[in-house]
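Open the model in a viewer and keep the selection panel at hand. The tour below goes stop by stop.

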Amino acid sequence: MSQKTVYLDRNENNYGPAPACFDALRKADLTTLSWYDRAFVKGIKGVLSSRLAEDFQVPEDRILLGYGAETILKQVVQCYLGKGQKLMVPAYSWWYYKLIASEVGGLSVEYPMVVGEDQFHYDLDAMRKLYASEKPDMVFISSPNNPTGNSLSIDDLKEILAVYRNSIVVLDEAYKYSGHTDYVKDLVYTNPNLLVVRTFSKYYALAGMRIGFAIMGTNLTALAKFSNRYLGFNRLAEEVAIAALDSKEYYVGIARKMQEDKELFYAELNKLPGVRVFRSDANFILAEIPRTHVEPLQKYLKERGLIIKFMNEALLNSHVRITLGTQEENRKLIDTMKSYFG
Ligand SMILES: Cc1ncc(COP(=O)(O)O)c(C=O)c1O
């Protein structure tokens with residue numbers, strides 16, 4: 001019997017969306033799909049942006065929707081970063097940031113992060129100094145950061161945003177593992193050049209629906225115009241997203257389970273010889289493994305139907321990034337890694 005491959009390499013949420021999301025699809029009136037939603041007739045951009053505006057307590061025109069957070073990240077770069085201009089990104093971060101900067105002829109400047117005993121940390125001093133010397137036009141902050149999993153505290157965030165006030169700042173919160181909305185309004189009103197980006201892909205387990213959103217500071221009117229869509233959004237996706245927003249208890253429960261899953265990974269993998277696991281606020285963890293084990297471990301896991309991400313970057317080439325699976329999948333991965341390391 002062929003075994004089913006378990007993919008724990010893509011940072012998806014393997015617990016799946018809330019039951020209400022499936023109900024929304026089952027009950028959807030498919031006849032409406034022939035038409036634009038005509039939300040503009042009601043003086044709104046759409047039902048989902050209206051709902052998000054309510055949740056974040058900002059006017060609806062401060063909300064952007066996109067085909068995943070990736071589209072919004074690309075749009076903000078296309079809108080504001082010119083040829084030869086600088087985008088400051090974390091040294092360890094999602095490769096896509098540098099790609100979208102290069103697509104417009106922009107230059108990426110990397111700010112360092114501190115590798116602590118059991119966690120990565122943002123280094124505010126280094127971020128401040130590099131900003132002063134490089135004078136970037138745009139800065140990306142990712143919290144929690146992919147692939148390191150660490151976040152910035154709200155106080156640190158406020159401190160560094162005050163320093164960056166004259167640049168466009170994108171705070172990528174794709175991996176925010178809570179539906180918390182409370183601090184965002186204050187951040188975007190205090191920092192008019194700030195864009196806070198979130199997604200339904202991770203916490204809400206709706207990666208396949210491709211819905212990202214952002215809350216915009218008041219100076220970003222060019223972006224609002226650039227990315228606005230007159231004829232509305234994907235009606236089904238909006239309904240499913242609203243069902244997810246209405247399912248708070250379900251997602252809080254999943255986040256709690258994931259916290260337990262991470263504790264299990266920290267405890268079990270840290271026992272393996274030469275392995276060091278970094279604490280993460282996201283739905284994945286990063287672990288350092290002995291360099292000599294990279295290829296044989298990858299082969300060993302693959303033969304047993306387990307795919308995790310073996311990092312292949314200048315600074316992270318002896319590391320694996322493991323997306324949390326279901327509890328059964330996590331157990332299988334841990335046991336297989338234990339048997340590999342003997
Ligand atoms: C740091 C980060 N931001 C944003 C995204 C984009 O997510 P999506 O386009 O699915 O909303 C990803 C996807 O993996 C990511 O790793």
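A residue is near a molecule or strand if its C-beta atom, placed from the backbone, lies within 6 Å of it. This is a predicted model, in which local features need pLDDT of at least 70 and side-chain atom pairs count only at pLDDT 80 or more, while totals for chains, interfaces and linings use all residues. Residues are numbered from 1 along each chain as its sequence is written.

Select the ligand and its shell. There are 13 residues around the ligand, and Gly68, Ala69, Ala174, Thr199 and Ser201 come nearest. The shell holds 4 nonpolar, 7 polar and 2 charged residues. Here Ala, Val, Leu, Ile, Met, Phe, Trp, Tyr, Cys and Pro count as nonpolar, Asp, Glu, Lys and Arg as charged, and the others, Gly among them, as polar.

Next, select H3, which supplies the largest share of that shell, 3 residues. Helices (H or I, at least four residues) are DSSP runs, numbered from the N terminus.

Now select Val197. Leaving aside neighbours within four places in sequence, its contacts (C-beta atoms, placed from the backbone, within 7 Å) include Ala69, Ile72, Leu73 and Ala174.

Last, go to Lys338 in helix H12 (residues 327–341).

Notes: Contact = placed C-beta atoms within 7 Å. Helix = DSSP H or I, 4+ residues; strand = E, 2+ residues; numbered from the N terminus.
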